[in-house]
Every structure is written in C-alpha cells, then in structure tokens.
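User: I am new to reading protein models, and I would like to learn how to look at a helix and at a ligand site. Could you take me through them step by step?

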Amino acid sequence: MIKNNIKDRLAYAKELDEQDELRAYRNQFYIPKQKNGAPHIYLCGNSLGLQPKITNDYIQQELKDWQNYGVDGHEKAKTPWLPYHEYLTDRMAKIVGAKPIEVVVMNTLSVNLHLLMASFYRPTKKRYKILIESDAFPSDRYAVESQVKFHGYKNGVLELSPRKGEDLLRAEDIETMIEKHGDEIALILIGCPNYYTGQVFNLKRIAALGHAKGCMVGIDLAHGAGNIKLELHDAQVDFAAWCTYKYLNSGPGSVGGCFIHERHSKAFDIPRFAGWWGHNKETRFGMRDPFNPIAGAEGWQLSNPPILSLAAINASLSIFEDVGMEALIKKSKKLTGYLEELVTKLGQDVIEIVTPKNTEERGCQLSLRIKSKDGKSVFDAITRQGVVADWRSPDVIRVAPTPLYNTFEDVYHFAQILKKEIEN
Ligand SMILES: *Cc1c(COP(=O)(O)O)cnc(C)c1O
C-alpha cells in the first residue's frame with residue numbers, strides 16, 4: 001500500500017521523467033500554451049502531432065531556394081526538388097517495416113486509398129465485397145462504399161462488428177468471417193490501430209487468411225505509422241496507406257505515405273491511374289513516350305509533389321531517425337502503462353478503458369469511457385483546465401500520450417484533473 005501512495009504523487013512522475021532517456025526530445029517541439037502561459041497537457045498527437053522546432057528551417061530553406069533559383073530549384077535547391085520525395089523513402093520505410101522499393105510519399109490518405117483500390121480492388125460478379133471494421137474511420141467507409149458503387153455493385157460492404165456488449169474485435173471472429181465469406185471478398189481493408197478503440201490487429205495473420213481465400217489485403221495506418229511496431233513487408237499485406245500529420249508530426253494536411261508490397265513492384269499489368277511522376281525517370285521529360293511506370297511504389301505517383309509539405313516531413317523524419325522506433329515504442333509502453341495505471345485506480349464502474357490491456361494490441365492511445373457521469377461534460381471540463389484530448393461520440397474520450405514530447409508529468413496532471421472532475 002505504501003508503494004501505491006508513493007506512486008500517486010507528483011514526485012513519482014517527475015522521477016519517471018528524470019529516468020526517461022528520451023526526455024530531451026520534448027524540447028525539440030513547440031508545446032501549445034494556455035492563456036496563463038502554462039503548457040497545455042497535449043494528448044492529441046493521434047489527431048495532429050505537434051510542430052518540431054526544426055520544421056521552420058526546413059520550410060524556409062525551400063522558400064529561399066525558390067526565391068534564388070526559380071525553376072532551377074528542381075536541380076539546384078539544397079535538396080533538389082526533382083528527387084525530393086526519394087530523400088524520405090528510406091526513413092519512412094523503416095518506420096513501417098518495409099523495403100524502400102515498397103514505399104512512396106505522395107498525395108493524402110483518402111486519395112491514396114482510392115488510388116490503391118483502383119489497382120487492388122478488382123471486383124467480379126462472384127467476388128466484389130470489401131471487408132472493413134464496423135467502426136472504421138468515416139473517410140475509409142465513404143471510400144469503400146463509393147468504390148463498390150463505382151464498379152456498379154450494391155451491398156458490397158461487409159462489416160466486422162464486435163460482439164454484443166463488447167467494443168473490441170475478437171481475433172477468432174475476424175478469422176471466422178474471412179473463412180466463411182472469403183470467397184465473396186475482393187478486399188480486406190483494416191485500420192490498424194482502429195482509430196476509435198485503439199485496437200491493434202495481427203496483420204500477418206489477417207493477410208495469410210485473406211490470401212488463402214484469394215482476397216487482397218490493405219491496411220490503413222493513419223494511427224499506426226510512428227506509433228506502433230510495424231513489419232509490413234513480412235506481414236505480406238498487399239498495400240497500406242497513412243497520413244503524416246498525426247504521430248508523424250508533419251503538419252496539418254501534410255502529404256501521406258503508401259506501401260505496395262514488393263511482389264507487386266513489377267506487376268505492370270495491374271490496372272492503375274497514371275501520371276507523369278510515376279513514369280520512368282530517364283524519359284519523364286521526353287514527354288512523348290507512352291506511360292512506362294517506375295518499378296515499385298513510386299510507379300503509382302501522379303503529380304510532382306508539394307515540396308513545402310515534403311520539407312516538413314523531412315524535418316520530422318530526421319527526428320524519428322535520430323530516436324528510432326524501438327526506443328520510442330519502449331517509452332510509449334511505459335508512458336501509456338502509467339496512464340492506464342492511474343486511470344484504472346479511478347474504478348471500473350467510474351471509467352472503463354476500451355482499448356486492449358495487452359500492450360501488443362495497442363499503441364499509445366487509450367480510449368476512455370466515463371460511466372458514472374456524462375462523458376461529454378467531463379470532456380468539456382477537462383478541456384477548460386488545459387487538457388487537449390479528443391471527444392468521439394457517443395461516449396469516448398481518446399487520450400494519446402506520445403513518447404516524443406509527452407511526459408509522465410503530463411499523464412499525472414491529466415489523471416488528477418480527470419479524477420477531480422469525475423469525483424466532484
Ligand atoms: C485521420 C484518418 C483519415 C484522414 O484522411 P485524410 O485523407 O488524411 O483526410 C482517414 N482514415 C483514418 C483511419 C484516419 O485515422
């Protein structure tokens with residue numbers, strides 16, 4: 001009991017921060033401030049990651065190169081614009097556990113989902129369904145529904161739902177669904193982790209089951225990239241897409257990332273929507289040749305990319321490269337574990353943690369359901385006290401302590417504010 005008392009104190013959180021090997025990284029970010037000048041308790045990196053201090057320099061460099069060189073910046077800029085996206089590939093590939101040929105940074109997430117479905121959702125009369133989580137992110141839902149419709153099919157979306165009274169999907173239910181309906185499913189599209197519950201799925205297993213039934217398997221990693229351990233190449237999924245403005249801290253609406261498994265890298269017969277940036281680099285500016293796609297993910301590019309946005313990604317990736325996903329995940333488990341411990345103490349009948357307990361089945365986000373009070377009013381009250389979290393109707397507060405810039409002290413103060421609001 002004495003130990004518990006010690007753990008309830010601010011001094012204990014401070015001690016954890018002192019022991020934290022990554023504590024210096026917080027100072028590399030701008031932490032938004034409250035009116036009173038104190039930093040917000042920012043637990044919303046799952047929605048919009050904070051700005052690294054170096055991002056300004058990276059973007060200024062491009063503005064300067066544009067001032068000085070005009071069109072010649074394509075070759076003369078400090079980081080030449082023509083191959084700019086290539087500078088991001090290796091580091092981005094590491095974050096998702098892919099080979100460089102499998103990864104490209106282009107467009108934005110929902111756009112990429114459509115482009116990838118143009119290639120990997122090839123419905124036939126017998127096999128035209130798309131399997132997706134029942135509580136998938138709305139954009140993903142709209143995307144798959146519109147794809148089904150675009151191809152002239154109806155009722156083509158199959159849902160993976162949790163059992164009655166449960167929030168999480170059971171692995172065996174996913175397996176049964178694929179086993180039972182696999183012959184009708186053209187594409188399995190899963191969000192990992194699920195944006196609402198924070199549940200992480202076994203991608204390798206889902207890909208193996210799906211492939212055994214002849215389905216394509218795609219993954220939305222909006223909440224996974226920069227958050228959880230990913231091994232996309234080994235998992236064998238066909239494709240994946242993610243954004244860079246959540247855990248990857250690359251700015252609002254920044255350009256997204258794509259993965260296309262190596263086995264498709266030279267499958268030039270797969271239908272795709274083409275543009276000049278996906279064309280052979282040797283002859284791209286010849287402007288006369290028929291479309292000749294680059295091997296690998298790069299061959300799916302359409303446009304020359306927005307350099308100012310890539311510059312922000314470049315800045316952010318330099319931090320990720322420096323810290324490494326392994327160290328990041330190690331701290332993440334500790335930090336989220338601490339949050340879990342403090343929230344659990346408030347009592348199961350007061351607050352329920354929807355996210356899985358098993359640390360292999362979650363990232364840094366915990367989805368909290370307030371049971372003893374109206375959740376939205378609790379959310380509004382903690383917001384007034386400097387907490388930045390996010391509300392997902394009908395009844396969940398999502399909090400994501402990110403290991404790059406959040407502290408154990410952040411988590412401690414959050415738990416104190418929450419406790420006070422729930423008990424008052
Ligand atoms: C954040 C998020 C999106 C947003 O898509 P954009 O095209 O970047 O606006 C889509 N899907 C999921 C699962 C997300 O979490």
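**Reading a helix and a ligand site**

Analyst: In this predicted model, the residues of helix 3 that are buried are Thr55, Glu62 and Asp65. Viewed down the axis of helix 3, these buried residues fall within an arc of 100°, so they line one face of the helix.

User: Why do residues three or four places apart point the same way in an α-helix?

Analyst: An α-helix has 3.6 residues a turn, so residues that are three or four places apart point the same way. In this structure, helix 3 runs over residues 55-69, and its 15 residues reach 21 Å from the first C-alpha to the last, which is close to the expected 21 Å.

User: Which exposed residues does helix 3 carry on the face turned away from its buried side, and what covers its buried residues?

Analyst: The face turned away carries Asp57, Gln67 and Asn68, which are exposed, while the cover over the buried residues includes helix 11, residues 307-323. After helix 3 comes Gly70, whose phi is positive, near 55°.

User: Which residues are around the ligand?

Analyst: Around the ligand are Leu109, Ser110, Phe137, Asp140, Asp220, Ala222, His223, Tyr245 and Lys246. An N or O atom in the side chain of Ser110 is 2.6 Å from an oxygen atom of the ligand, and for Lys246 such a side-chain atom is 2.5 Å from a ligand oxygen. A nitrogen atom of the ligand lies 3.2 Å from a polar side-chain atom of Asp220. Of the 390 Å² of accessible area that the ligand has on its own, the protein covers 83%.

Note on methods. Residues numbered from 1 in each chain as written. Predicted model: local features only at pLDDT ≥ 70, side-chain atom pairs only at ≥ 80, totals over all residues. Heavy atoms only, no water. Helix = DSSP H or I, 4+ residues; strand = E, 2+ residues; numbered from the N terminus. Expected span 1.5 Å × (residues − 1). Buried < 20%, exposed > 50% of the residue type's maximum accessible area, 1.4 Å probe, protein only. Arc of directions from axis to C-beta. Contact = heavy atoms within 4.5 Å. Near = heavy atom within 4 Å. Polar contact = N/O pair within 3.5 Å; in protein donor to acceptor, adjacent residues only side chain to side chain. Areas by Shrake-Rupley, 256 points an atom, 1.4 Å probe, with all protein chains shown as cover.
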